[in-house]
Amino acid sequence: MTDTSTPDSSVSADAPSSEASAPDETTAEETKKSETVTSESDLFRQSEIAADYVEGLLDILDYDGDIDELVSAGRPMVEVVGGRLQPLVGQRGATLEALQELTRLAIFRATGSPSRLLLDIGGYRASRRKELAAVARNAVEKVKEHGDPVRLEPMSAFERKCVHDVVNAIPGVQSESEGVEPNRRIVVQAAD
């Protein structure tokens, strides 16, 4: 399944605001729409390049897996599903993160542009999101109960984003990242 939807973008601050310039606004809007279509096709192209690269890796390693390429939330994605894929995820997703970086490099080599590709293997990211949502809710409960900030264990950028998304959706608390990779962590605290 391919999701090529993009979030609605607001009108740019430098767009003309007078009624006399209405034709310019229409032209700018049409240009923005064509750029969006190009962007979506570029994103899908990135997911295709990534899928080909991952398929080559699976062949070399003699692993079987079905590969889905898609665009979701404005970013290219590749999902690999099948049995016997745990070694490609590694402990706490470390191997998956490394494979994702290699795949992003393959995209860069083919296109000359950096990519925000998200690679998932064996549904690891979906299950990890659920675990991290529970961790985030637990931290929020502690902050609300005791009032003291809660520092979570170091996490990857993907994991931190999952936690930030959950915390930021709850009123009365906020989260921020601190530290330097690979020891960057989230601090959950009462909102100011």
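## Helix H3

Let's start on the outside of H3: the face turned away from its buried side carries the exposed residues Leu 105 and Arg 109. Here, exposed means over 50% relative accessible area, buried under 20%, and partly exposed in between (1.4 Å probe, protein chains only). Helices (H or I, at least four residues) and strands (E, at least two) are DSSP runs, numbered from the N terminus.

The buried residues of H3 are Leu 96, Leu 99, Gln 100, Thr 103, Arg 104, Ala 106 and Ile 107. Seen down the helix axis, these buried residues fall within an arc of 155° (taken from the directions from the axis to the C-beta atoms), so they line one face of H3. Just after H3, Gly 112 takes a positive phi of about 80°.

## About the model

This is a predicted model, where local features need pLDDT of at least 70 and side-chain atom pairs count only at pLDDT 80 or more, while totals for chains, interfaces and linings use all residues. Residues are numbered from 1 along each chain as its sequence is written, and side-chain values use heavy atoms, with hydrogens and water left out.

## The strands

Now to strand E2 (residues 75-81), where five of the seven residues are buried. Strands E1 (residues 66-72) and E2 run antiparallel and are joined by seven bridges; two strands pair if DSSP finds at least two bridges between them. In their hairpin, with two residues between the strands, Ala 73 takes a positive phi near 55°.

E2 also runs parallel to strand E3 (residues 118-121), with four bridges joining them. Val 80 of E2 stands opposite Ile 67, and its bridge partner in E3 is Ile 121.
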